[in-house]
Amino acid sequence: MITVKASPVTNLLSKQYWYNYTLPKLLKQHRADLFISDTGIISNKVQLPQFLFFSDHSFVYIKGSFFRRNFARSLQHAKAFFVTEDFIEQILTGKNNVPA
């Protein structure tokens, strides 16, 4: 198992570059079999099985964030997602009202 920790990127262009170019290159370089993201975002350029892990639900309250804009695509592209609380699962599956 290899853990990759990225330095925090603050602007939208850097985040898009990380998820669409740098991350796929690292996964290919290390011959990864799968990718588990704890950030809630996965790459649409990676053909490996990708999984999402959610430990909190604060992202639903952040308007206009990179996370919210890319969340739906990531959730659809993921092979599965894992949560630490039932409440988070209800939010992700749309069984709970999420503030707009």
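Is Arg31 buried or exposed? Hi everyone, let me start with that one. Arg31 is exposed, because its relative accessible area is 73%, and the cut-offs here are under 20% for buried, over 50% for exposed and partly exposed in between, with a 1.4 Å probe and protein chains only. Arg31 sits in the loop between α1 and β1, and its phi is positive, about 50 degrees, although it is not a glycine. In general, most residues other than glycine have a negative phi.

A quick word on the ground rules. This is a predicted model, where local features need pLDDT of at least 70 and side-chain atom pairs count only at pLDDT 80 or more, while totals for chains, interfaces and linings use all residues. Residues are numbered from 1 along each chain as its sequence is written, and side-chain values use heavy atoms, leaving out hydrogens and water.

Now the sheet. Three strands make an open sheet in the order β1-β2-β3, with parallel pairing. The edge strands are β1 and β3 (80-83), each pairing on one side only. Averaged over this sheet, neighbouring strands are turned by 20 degrees against each other, direction ignored; the axes are lines fitted to C-alpha atoms, and angles run from 0 to 180 degrees between N-to-C directions. Strands are DSSP runs of E with at least two residues, helices runs of H or I with at least four, numbered from the N terminus. Two strands pair if DSSP finds at least two bridges between them.

β1 and β2 are joined by three bridges, with Phe35 partnered by Gln50 in β2. Between β2 and β3 there are four bridges; Leu52 has Phe81 as its partner in β3, and Phe53 has Phe82. Four of the five residues of β2 are buried, so this strand is largely enclosed by the rest of the structure.

On to the core, meaning buried Ala, Val, Leu, Ile, Met, Phe, Trp, Tyr and Cys residues joined through side-chain atoms within 4.5 Å. The largest nonpolar core has 17 residues, and Tyr19, Leu23, Leu52, Phe54, Phe71 and Leu92 touch the most other members. At least two residues of this core come from each of α1 (12-29), β2 (50-54), α2 (66-77) and α3 (86-92).

Last stop, back to the loop between α1 and β1 (35-37), which also holds Leu34. At 41% relative accessibility, Leu34 counts as partly exposed. Thanks, everyone!
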